[in-house]
Amino acid sequence: MTALTPGLSPESARRAAGPGRGAVRRLAGALHRRPRLRLAALLTAPLLWLVLAYLGSLAALFLSAFWSTDSFTSEVVRIWTTANFEELVGSPVYRTVALRTVGVALAVTALCAVIAFPLAFYTARVAHPRRRPLFVVALLMPLWAGYLVKVYAWRLILSEGGPLDWALRPFGLSGPGYGLTATVLVLTYLWLPYMALPIHTALAQLPDNLLNASADLGARTGRTFVSVVLPLVWPAVAAGSVFTFSLSLGDYITVQIVGGKTQLIGNLVYSNVTLNLPLAAALGTVPVAVIVVYLLAVRRSGALRSL
Amino acid sequence: MEGMAIRLTGLRKTYGGTEAVAGVDLEIADGEFFSMLGPSGSGKTTVLRMIAGFEAPTAGTVELAGRDVTRLAPFERDVHTVFQDYALFPHMTVEQNVAYGLKVRGVPRAERLVRARAALAQVGLEGLGRRRPAELSGGQRQRVALARALVGRPRVLLLDEPLGALDLKLRERMQVELKEIQREVGITFVFVTHDQEEALTMSDRIAVFHQGRIEQVAAPAEIYERPATPFVAGFVGTSNLLTGETARQVVGTAGTYSIRPEKIRILPDHEAPGDPGHSTAAGTVAEVVYLGDSTRFLVDLDGGGRLTALQQNLETSSADLAAFRGARIGLQWHPDHAVRVPETP
């Protein structure tokens, strides 16, 4: 303060600042001298949220997975049992559904990456720099519409004799109809922005000179892509894949609307919640476990090191 | 007769409406250390990028060793570049960086390693091959970039202000080393810089760039002693440009003249006649700038105009120098050192 207002004594400078500002300054000064207090002020609210709402509900999920229900009243019986998990592992139906869910999530992730990469390459490196923000907005446009609106729009598109069938008829083809393929297709559409945005950002940040240097040293375009672009953008693909994979793993509404008779884990959880809550909870732990395994695998690939 | 490494003919590059390179013709011989000197925005880097193939010229041709490469991609040209920001691949080790060019050209793994290690030894980085670029200092990264460009034995090495990011001491050492390496490998070096001292100390020949054109191509001494245009006289070294009435008074004839500050001697007595056969002028010392090894005097001439004179600090100390401020003194120089500069063509 004295440095900023030369000629004023500290006392008169404080008076000029007014009494209200003085209290704020004292508080700021006190915080400045107490780093622990500062940290507490910063983290109390988010930590409360994280522990109570977030980890708390996860703990409740795990706990109730070890309870059972009275088969007549559907009341939850709070006795420790591993029966739910035994049923999960033992029943071929649950195993098939779990594998199908993981398969759908992997297929959606792979499709998103394959579609997003060329798009992001165009928006980040080929398009005229002035038009790039416009293309990024276009890339994210699907996020502006509500989830249900988009899925019902796809239900229309995929319906028998609908726009997709009509467009494919001249080629002697027809749309996939409602089912597993439609589910993968719609989920890919829904989660594409989550894959495209990180890849776009990574490609945009790639220094031109790295690509020039590679070409300068004799590498053709394909070689530069494999040896320079892909390794440097890989962390972004991994980050995007965490979104697309986990979002697909937990989805049950899209399957209900365009999946026909297809069942995913989400559907089983949903249909068991009222009748057999502990079994639903046990089913709910499957995606959690899969995600943990997936994150560990991604981490092992080294892709998260630079995040 | 030596072969021609590079020939540029009528080279132009326009971005939108602005002309970055406005017609450049240039021939660079095999084994030459050639510098392209100029202020930023003078087009020198754009010319370098067109030789490398990163930019396509708007008009004109680029020939490498007699072959027209104007439309060829960078990977089809026998030219390697040392980039200003080094452009090392961050996900590869130092050794992998250096061996990259060999790898993409299909050199077997064992030979690759041997040659990469030899190149690293040549730039003084033995034993650092396993590190990542991020673990190196700026000077070390610069050396890796140099080794990476040299290891493939290109016909021409392009260097885009490679020493710009280094501190003064390191820069001076690298100037000497670069020159030694160039003599050792015998590859043509095309060196872009805005630092006139760097260009003067290292080059066989220098092209001075200004507003997308070359103002003069000559050996360093020629550029310094006989600048072809007022711009060259002003940009290379500190120069006293005398024009119009001042020139008539001081030199005797009209025209543009350049006198290098170190060619001017201070005569403490402004009425002293000066040595026989020398030109003289009298004036008042406006400013004295102490530079450590030498002192710069800014002198307002009685006949108008201002000259800068540079004196080695052989006996004087800084205390004496302050007394010069405001003093009346004489200046003397040999008429040969008042060089007539042709007006810009």
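## Helices α4 and α14 of chain A

A crossing of two helices is right-handed if the near helix is turned clockwise from the far one by less than a right angle. In this predicted model, α4(A) passes α14(A) in such a right-handed crossing. The residues that make this contact are N84(A), F85(A), E87(A) and L88(A) on the α4(A) side, and P278(A), L279(A), A282(A), L283(A), T285(A) and V286(A) on the α14(A) side. By class, seven of the residues in the contact of α4(A) with α14(A) are nonpolar, two are polar and one is charged.

Helix α4 of chain A covers residues 83–90 and helix α14 of chain A covers residues 277–300; their axes are 9 Å apart and meet at an angle of about 60°. An angle counts as roughly parallel under 35 degrees and as roughly perpendicular from 65 to 115. The two helices, α4(A) and α14(A), are therefore oblique to each other.

## Helices α5 and α6 of chain A

Helix α5 (residues 92–126) of chain A packs against helix α6 (residues 132–140) of chain A at an angle of about 160°, with 9 Å between the axes. Because of this angle, α5(A) is roughly antiparallel to α6(A). The crossing of α5(A) and α6(A) is left-handed.

From α5(A), the contact takes in L119(A), Y122(A), T123(A), A124(A), R125(A) and V126(A); from α6(A), it takes in R132(A), F135(A) and L139(A). The contact of α5(A) with α6(A) has six nonpolar residues, one polar residue and two charged residues.

## Aromatic pairs

Counting ring pairs whose centres lie within 6.5 Å, there are 16 aromatic pairs over all chains. One of them joins Y252(A) and Y270(A): the ring centres are 5.0 Å apart and the planes are at 25°, so the pair is stacked. Y252(A) sits in the loop between α11 (221–250) and α12 (253–258) of chain A, while Y270(A) belongs to helix α13 (residues 265–272) of chain A, so the pair ties together parts that are 18 residues apart in sequence.

Both tyrosines have some accessible area. Y252(A) counts as partly exposed at 27% relative accessibility, and Y270(A) is partly exposed at 48%. Elsewhere in chain A, one aromatic cluster is formed by Y147(A), W191(A), Y194(A) and F243(A).

## Chain B as a whole

Chain B has 345 residues, of which 49% count as buried. Its secondary structure consists of ten helices and 18 strands. Taken along the principal axes, the C-alpha atoms of chain B fill a box of roughly 80 × 45 × 40 Å.

Among the contacts in chain B with a separation of 6 or more, 64% are between residues 24 or more positions apart.

R296(B) is in strand β15 of chain B and is partly exposed, with a relative accessible area of 29%. Leaving out residues up to four places away in sequence, R296(B) touches E287(B), V288(B), V289(B), L291(B), T308(B), A309(B) and L310(B). From R296(B) to P261(B) the C-alpha distance is 8.2 Å, at a sequence separation of 35 residues.

G292(B) lies in the loop between β14 (279–290) and β15 (294–301) of chain B. With a relative accessible area of 35%, G292(B) is partly exposed. G292(B) and L48(B) are 244 residues apart in sequence, and their C-alpha atoms are 37 Å apart in space.

How values were computed: Residues numbered from 1 in each chain as written. Chains lettered and ligands numbered in written order. Predicted model: local features only at pLDDT ≥ 70, side-chain atom pairs only at ≥ 80, totals over all residues. Heavy atoms only, no water. Axes fitted to C-alpha atoms, helices over the stretch in contact; angles between N-to-C directions. Helix = DSSP H or I, 4+ residues; strand = E, 2+ residues; numbered from the N terminus. Parallel < 35°, antiparallel > 145°, perpendicular 65-115°, else oblique. Contact = heavy atoms within 4.5 Å. Nonpolar A, V, L, I, M, F, W, Y, C, P; charged D, E, K, R; others polar. Phe/Tyr/Trp six-rings, centres within 6.5 Å; stacked < 30°, edge-to-face > 60°. Buried < 20%, exposed > 50% of the residue type's maximum accessible area, 1.4 Å probe, protein only.
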